[in-house]
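Subject: Structure for your files

Hello,

Here is the structure we spoke about, with the sequence.

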Amino acid sequence: MSDVEYENDAEKDGPKPYPQYATPEPAIASRKIDLVGLDLPSVSNADDMKDDEGDIRYEVTEEPQYHVTRALFIGNLRRPINAGHFQQFLRKLANDNKDLHMRIDRAWLTRLRTHAIVLVSNEEGAEYLRSQLNGAIYPDEEEDARLKEEFENREIERFEEETKRFEGIKERESDEERDDLKPPREPREFVTERIPLYVEYIPVKAINQWTFEEDKGPYDGKWKLEFVNRNDELVASHTLLNGEYIPRYVPPRRGGRRYGGPPRGYDRYRDSRDSYHRRGGPPKRTDSYVPGRSRFDEPKGTDSYVPGSARYRSRSRSRSRSPTRF
């Protein structure tokens with residue numbers, strides 16, 4: 001998603017340039033169908049499609065729970081959703097505000113399209129975006145009509161392909177085996193429920209870890225944003241409600257020649273004056289992810305998430321907590 005858009009629609013005064021010197025008008029990008037966003041639950045009863053098989057529903061509050069940051073968590077989204085339109089919608093909101101210089105640096109949607117994480121260029125822009133989105137309904141009726149048409153066309157194509165495949169298999173099977181074949185499922189009706197959006201601030205430093213865990217974690221994983229009090233501080237918690245596997249996130253290393261650090265091939269344990277040969281071994285790592293420690297042990301001197309050992313962790317809910325500061 002582009003960070004900046006330019007206004008090219010304003011008419012300019014003065015004579016028009018010769019055709020060979022005229023700047024061509026930008027072509028309108030064609031709409032891309034979001035097949036993932038159209039993937040409604042595979043159920044036969046249309047009434048069951050309304051709640052998307054138990055998607056998480058957040059209670060919308062006017063006042064935020066967390067302090068203001070540049071990062072926003074947008075919950076209560078429901079499929080079908082077009083990811084491209086969602087990004088354009090956010091970008092338009094940012095560009096329509098002429099009083100604030102703001103842009104959307106990142107807009108990420110979960111695979112199930114139930115929530116999004118958005119990074120804004122400044123805190124003032126995040127406050128404005130929350131004021132516009134919290135409690136609002138997305139998408140509007142016009143976009144909903146497009147999604148309905150795309151969904152119904154896709155269902156018809158699926159039914160025709162499955163019918164053709166079914167007829168081919170039916171011709172090759174015996175009479176007894178034909179009786180066991182299940183006919184293709186009829187095209188489903190477009191049924192969805194749009195509920196008010198839930199928008200909350202989250203720590204900026206948690207974005208990379210949370211998006212990594214969801215992208216690399218269980219395919220049908222349901223994650224929930226929760227806030228817990230720990231040592232009289234409010235901590236944003238990223239909780240997996242189903243499944244047991246949470247991929248380990250390793251923050252990218254900083255330094256090297258690109259950032260003005262030591263040259264390539266330099267080993268700080270071998271080449272530095274205070275090498276590990278003189279100190280009895282390399283220093284212990286102090287990154288925020290410390291595997292193998294019980295989740296009941298409170299970290300010392302850090303407000304970062306310390307995950308629990310697999311054998312002590314709850315089988316039903318797995319937490320992934322974030323730093324409380326950014």
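First, the basis. This is a predicted model, in which local features need pLDDT of at least 70 and side-chain atom pairs count only at pLDDT 80 or more, while totals for chains, interfaces and linings use all residues. Residues are numbered from 1 along each chain as its sequence is written, and side-chain values use heavy atoms, with hydrogens and water left out.

Salt bridges

The structure contains 14 salt bridges, a salt bridge being a side-chain nitrogen of Lys or Arg within 4 Å of a carboxyl oxygen of Asp or Glu. Side chains of opposite charge can pair when their charged atoms come close.

One of the salt bridges joins Arg 31 to Glu 143, at 2.7 Å from N to O. The two belong to distant parts of the chain, 112 residues apart: Arg 31 is in the segment before strand 1 (71-75) and Glu 143 is in helix 3 (residues 141-172). Helices (H or I, at least four residues) and strands (E, at least two) are DSSP runs, numbered from the N terminus.

Arg 31 also forms a salt bridge with Glu 150, at 2.6 Å from N to O. Glu 150 lies in helix 3 and Arg 31 in the segment before strand 1, so this pair ties together parts that are 119 residues apart in sequence.

As for accessibility, buried means under 20% relative accessible area, exposed over 50%, and partly exposed in between (1.4 Å probe, protein chains only). Arg 31 is partly exposed at 34%, whereas Glu 143 is buried at 1% and Glu 150 is buried at 12%.

A further salt bridge pairs Asp 105 with Arg 103, with the closest N and O atoms 2.7 Å apart. Asp 105 is partly exposed at 24%, and Arg 103 is partly exposed at 34%. Elsewhere, salt bridges that share partners join Arg 31, Glu 142, Glu 143, Arg 146 and Glu 150 into one network.

Helices

Helix 3 has 32 residues and reaches 47 Å from its first C-alpha to its last, close to the 46 Å expected at 1.5 Å a residue; the expected span is 1.5 Å times one less than the number of residues. Among the buried residues of helix 3 are Asp 144, Leu 147, Phe 151, Glu 155, Arg 158 and Phe 166. What covers the buried residues of helix 3 includes helix 1.

In helix 1, Phe 89, Leu 90 and Leu 93 meet Tyr 128, Leu 129, Gln 132 and Leu 133 of helix 2, where contact means heavy atoms within 4.5 Å. By class, this contact of helix 1 with helix 2 has six nonpolar residues, one polar and no charged. Ala, Val, Leu, Ile, Met, Phe, Trp, Tyr, Cys and Pro count as nonpolar, Asp, Glu, Lys and Arg as charged, and the others, Gly among them, as polar.

Ile 202

Ile 202 is in strand 4 (residues 198-202) and is buried, with a relative accessible area of 0%. Not counting residues up to four places away in sequence, Ile 202 touches residues including Tyr 66, Phe 73, Ile 117, Trp 210 and Leu 225. Ile 202 and Gln 65 are 137 residues apart in sequence but 9.5 Å apart in space, C-alpha to C-alpha.

Regards
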